[in-house]
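Please look through the sequence and the model before reading on.

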Amino acid sequence: MWSNVGTHLEGSQWVGLDDIDLTDLALFAEGFPHDSFTRLRHEAPVWWHEATSHTPDGTGFWVVSRHAEMQAIGSDADAFSSSRAPDASGGGTLIEDLPYGFAAGVLLNMMDDPRHHRIRRLVTPAVAPRALARLEAELRARTATILDAVAARGGCDFLVDVAVELPLQAIAMLMGIPHEDRHDLMAWTNATLTYDDRELGSRSVSSEQAAAAMAAYGTALIERKRAEGGDDIMATVARATVEDENGGLEPLSELELLMFFNLLIAAGSETTRNAIALGMAALIDHPGQWDLLRHDLSVWPGAVEEILRWSSPTLYNRRTATRDVEVAGQEIGAGDKVTLWWASANRDEEVFDDPFTFDVRRSPNPHLAFGYRSHFCLGANLARLEIRIMLEELQARFERLSLDAPIERFRTNKHAGVKHMFVTFH
Ligand code: HEM
């Protein structure tokens with residue numbers, strides 16, 4: 001097994017791959033552990049991670065670190081389920097098993113086709129390029145309001161005051177959520193996604209309370225949308241029917257609707273804000289590239305893609321093998337957990353020249369920040385639009401930005417989670 005190969009000299013000690021513990025959140029304290037993943041890509045691209053004292057469920061899992069294998073696995077949803085192994089009681093796309101029928105198999109991103117596809121296509125028109133083009137002016141106006149509010153102060157917490165706001169306002173708008181409720185939703189989502197006061201696979205009082213508050217809010221919203229209608233995403237899914245197993249039509253279950261609400265709030269706001277913040281941080285570190293954006297409009301589309309590759313806001317997603325299957329010479333057993341580390345694929349030397357160089361002119365740039373194939377990010381075009389508008393409006397107002405202190409991060413191995421980023425405007 002790969003796990004026993006490849007010892008390296010780090011500092012003055014020989015360290016084996018088995019010393020890498022991706023469930024020890026301390027490993028992610030300073031950001032994504034690129035050193036560990038560079039070793040994995042070279043020495044053990046499909047690596048069995050033994051369970052450690054930090055690992056939820058007490059079971060090991062496969063770690064896939066290279067672009068090629070991630071594409072192969074992402075293309076084979078029959079062998080690699082987002083929901084579960086046949087008849088398993090748990091599954092889903094986190095390292096820890098989530099109960100089947102409550103989260104796994106119910107959340108859109110933790111379902112398999114055909115139901116996944118039937119529900120997904122209900123909402124694709126709302127985030128398609130044509131719909132987003134109609135939204136652009138509104139998003140730009142909101143961005144201007146966000147930036148004008150902080151500009152006079154000469155500086156701000158870029159994450160909290162700027163990067164959080166646009167994605168949050170955009171998803172609230174698309175979902176038909178009143179503007180004034182957005183900060184409650186953000187606080188609850190933060191509490192359910194962060195591990196500042198707990199370990200992987202466990203819950204804390206604050207995460208439980210936040211989940212309950214979120215569920216109560218979502219249930220009331222869904223009832224209101226069902227009664228009142230409208231053309232926002234929540235009204236659409238609350239009133240839609242999808243094909244059932246017998247070819248008839250049925251509404252989504254209450255739990256499916258509630259989970260969809262949770263998913264959109266989290267996916268819509270927690271990821272893009274990190275791309276905006278870490279993208280800005282990269283441009284602060286690379287003033288030449290910031291200047292290039294100012295003088296050469298043709299680099300903008302590529303710059304957004306490079307920011308996505310560089311920041312890789314979603315670090316990994318999991319699949320579960322539904323049958324025995326071989327990948328890159330490794331025998332993956334039915335029921336095994338398989339984790340796909342998008343952030344590692346995005347530094348794969350076999351795909352990207354100088355992967356550790358931030359280059360807004362990079363082309364081609366086949367990054368996997370949005371995943372691959374059947375579960376490819378539903379909000380990809382929205383996220384791209386938000387990143388572009390925010391940077392354009394920043395450039396219109398400021399000569400440059402500088403960082404006042406090191407970036408503070410959330411304790412998590414799931415997101416490139418920025419907590420605070422203090423900047424000065426020039
Ligand atoms: C930079 C920002 C974003 C990043 C990096 C990101 C990343 C991802 C990734 C990696 C997946 C695939 C998950 C998997 O394969 O298991 C995904 C799926 C998804 N994303 Fe995003 N996302 C972003 C923004 C958004 C936004 C703004 C929305 C809101 C509309 C959104 C909604 C979703 C949904 C609903 C799925 C599930 C799709 C499915 O299962 O068919 N995401 N995202």
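A polar contact is a pair of N or O atoms within 3.5 Å; within protein, one of the two must be able to donate a hydrogen and the other to accept it, and residues adjacent in sequence count only if both atoms are side-chain atoms.

## Basis and confidence

This is a predicted model, in which local features need pLDDT of at least 70 and side-chain atom pairs count only at pLDDT 80 or more, while totals for chains, interfaces and linings use all residues. Residues are numbered from 1 along each chain as its sequence is written, and side-chain values use heavy atoms, with hydrogens and water left out.

The average pLDDT of the chain (the predictor's confidence in each residue, from 0 to 100) is 94, and 96% of the residues score at least 70. Over residues 1-13, however, the pLDDT is below 50, although this stretch has 34 contacts (heavy atoms within 4.5 Å) beyond near neighbours in sequence. Where pLDDT is low, the predicted coordinates should not be read in detail.

## A buried asparagine

Helices (H or I, at least four residues) and strands (E, at least two) are DSSP runs, numbered from the N terminus. Asn274 belongs to helix α11, which covers residues 272-285, and with a relative accessible area of 1% it is buried; buried means under 20% relative accessible area, exposed over 50%, and partly exposed in between, with a 1.4 Å probe and protein chains only.

A polar atom of the Asn274 side chain lies 3.3 Å from the backbone oxygen of Ala416. Leaving aside neighbours within four places in sequence, the residues in contact with Asn274 include Leu159, Ser311 and Ala416.

## A partly exposed histidine

His179 sits in the loop between α6 (165-175) and α7 (182-193), and its relative accessibility of 37% makes it partly exposed. Beyond its neighbours within four places in sequence, His179 is in contact with Arg142 and Gln169.

## The mixed sheet

Five strands form an open sheet with mixed pairing, in the order β3-β4-β14-β11-β5; two strands pair if DSSP finds at least two bridges between them. Because β3 (46-49) and β5 (80-81) stand at the edges with a single partner strand each, one side of each has no neighbour in the sheet.

Strands β11 (residues 317-321) and β14 (residues 337-340) run antiparallel and are joined by 4 bridges, and Thr320 stands opposite Lys337 in β14.

## The iron atom

Cys377, in the loop between α14 (342-345) and α15 (380-397), is the single protein donor to the iron atom of the ligand, with its SG 2.3 Å away. Donors are N, O and S atoms within 2.8 Å of the metal (3.2 Å for Na, K and Ca), and since water is not among the atoms, sites may look incomplete.
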